[in-house]
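Here are some exercises with worked solutions. Have a go at each one before you read on.

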Amino acid sequence: MTSTESRSMPTDMVTVVTHPLVRHKLTHLRARTTSTAGFRRLVRELSLLLAYEATRDLKLEPVTIETPQETMEGEELSGKKLCFVSILRAGNGILDGMLDLIPSARVGHIGLFRDPETLEAVEYYIKLPDDIGDRICIAVDPMLATGHSAVAAIDRLKNAGCNSIIFVCLLAVPQGIACLQKAHPDVRIITCSIDRELDDHGYICPGLGDAGDRLFGTK
Ligand code: URA
């Protein structure tokens, strides 16, 4: 896959959101001239649109209500409740937009760093709701790059009892998708774009730079 353009799903477990609003906002997000405030606002808006896509298959049940005119059969959400899980630190940037759409969702956090010698993902923080096994988990990280931290985070979610997991990111590369799908073929991936490749430093190209630094203004 060499183009950065949004395209139809490469497999039924990977969704690239092709809505024109997403493509427009993503272009502005990528631009190096976008300010920290602008970047944060765009991530929030894109996250809301990604949450809309990630929740497309939620179950509904009929409910009878009274409108001011008459009685009618409506629908409301039923079945498993949601938990958003932020992969620290950049995942936190995605939470706000998702919580705008679903304010009642629970939120978990997983912090991992890469051991410089073993290159393994090492956990430094984890806090998940006690009932996470009963919830649909939407794990969020803006960038699916090597895929190692996504795999490690999902390992921990499964160890905590979660068996219904969706991974949501802004950008992915084929290498990261392959890594995540190999380890967790049951996890659906939702992204705004599949970019070309990783550079020698592990950055997505063309990408958007370091998502954490751009979100929090740390560089
Ligand atoms: N993490 C980032 O923040 N940016 C990349 O390009 C890859 C990983």
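**Exercise 1.** Is aspartate 100 buried, partly exposed or exposed?

*Solution.* A word on the ground rules: this is a predicted model, where local features need pLDDT of at least 70, side-chain atom pairs count only at pLDDT 80 or more, and totals for chains, interfaces and linings use all residues. Residues are numbered from 1 along each chain as its sequence is written, and side-chain values use heavy atoms, with hydrogens and water left out.

Step 1: Buried means under 20% relative accessible area, exposed means over 50%, and partly exposed is in between (1.4 Å probe, protein chains only).

Step 2: look up the value. Aspartate 100 has a relative accessible area of 41%, so it's partly exposed.

**Exercise 2.** With which residue does arginine 44 form a salt bridge, and how far apart are the closest N and O atoms?

*Solution.* A salt bridge is a side-chain nitrogen of Lys or Arg within 4 Å of a carboxyl oxygen of Asp or Glu.

Step 1: find the partner. Arginine 44 pairs with aspartate 100, and the closest N and O atoms are 2.9 Å apart.

Step 2: Arginine 44 sits in helix H2 (residues 36-54) and aspartate 100 in helix H3 (residues 92-101), so the pair ties together parts that are 56 residues apart in sequence. Helices here are DSSP runs (H or I, at least four residues), strands are too (E, at least two), and the numbering goes from the N terminus.

Step 3: check the cover on the arginine side. Arginine 44 has a relative accessible area of 37%, which means partly exposed.

**Exercise 3.** How many salt bridges does this rule give, and which parts does the pair of arginine 30 and aspartate 195 tie together?

*Solution.* Step 1: the count is 14 salt bridges.

Step 1: take the pair itself. Arginine 30 and aspartate 195 form a salt bridge with 2.7 Å between the closest N and O atoms.

Step 2: locate the ends. Arginine 30 is in helix H1 (residues 20-30), while aspartate 195 is in the loop between strand S12 (193-194) and strand S13 (197-198), so parts 165 residues apart in sequence get tied together.

Step 3: check burial. Arginine 30 and aspartate 195 are both buried.

**Exercise 4.** Which residues do salt bridges that share partners join into one network with Arg188?

*Solution.* Step 1: start from one pair. Arginine 188 forms a salt bridge with glutamate 53, the closest N and O atoms being 3.8 Å apart. Arginine 188 is in strand S11 (residues 188-191) and glutamate 53 is in helix H2, so to speak distant parts of the chain, 135 residues apart.

Step 1: follow the shared partners. The network is made up of Glu53, Arg56, Asp57 and Arg188.

Step 2: look at accessibility. Arginine 188 counts as buried at 16% relative accessibility, and glutamate 53 counts as buried at 13%.

**Exercise 5.** Are H4 and H5 roughly parallel or roughly antiparallel, and which is the case for H1 and H2?

*Solution.* Step 1: set up the geometry. Axes are lines fitted to C-alpha atoms, for helices over the stretch in contact, and angles run from 0 to 180 degrees between N-to-C directions. Under 35 degrees counts as roughly parallel, over 145 as roughly antiparallel, 65 to 115 as roughly perpendicular, and the rest as oblique.

Step 1: do the H4 and H5 pair. The axes of H4 (residues 148-159) and H5 (residues 174-183) come within 8 Å and cross at roughly 25°, so H4 and H5 are roughly parallel.

Step 2: do the H1 and H2 pair. Their axes come within 10 Å and cross at roughly 155°, so H1 and H2 are roughly antiparallel.

**Exercise 6.** Where are the cis peptide bonds at arginine 89 and proline 206?

*Solution.* Step 1: the bond from leucine 88 to arginine 89 is cis, with omega near 0°. Arginine 89 lies in the loop between strand S4 (81-87) and H3.

Step 1: cysteine 205 and proline 206 are also joined by a cis peptide bond, with omega about 0°. Proline 206 lies in the loop between strand S14 (204-205) and helix H6 (211-216).
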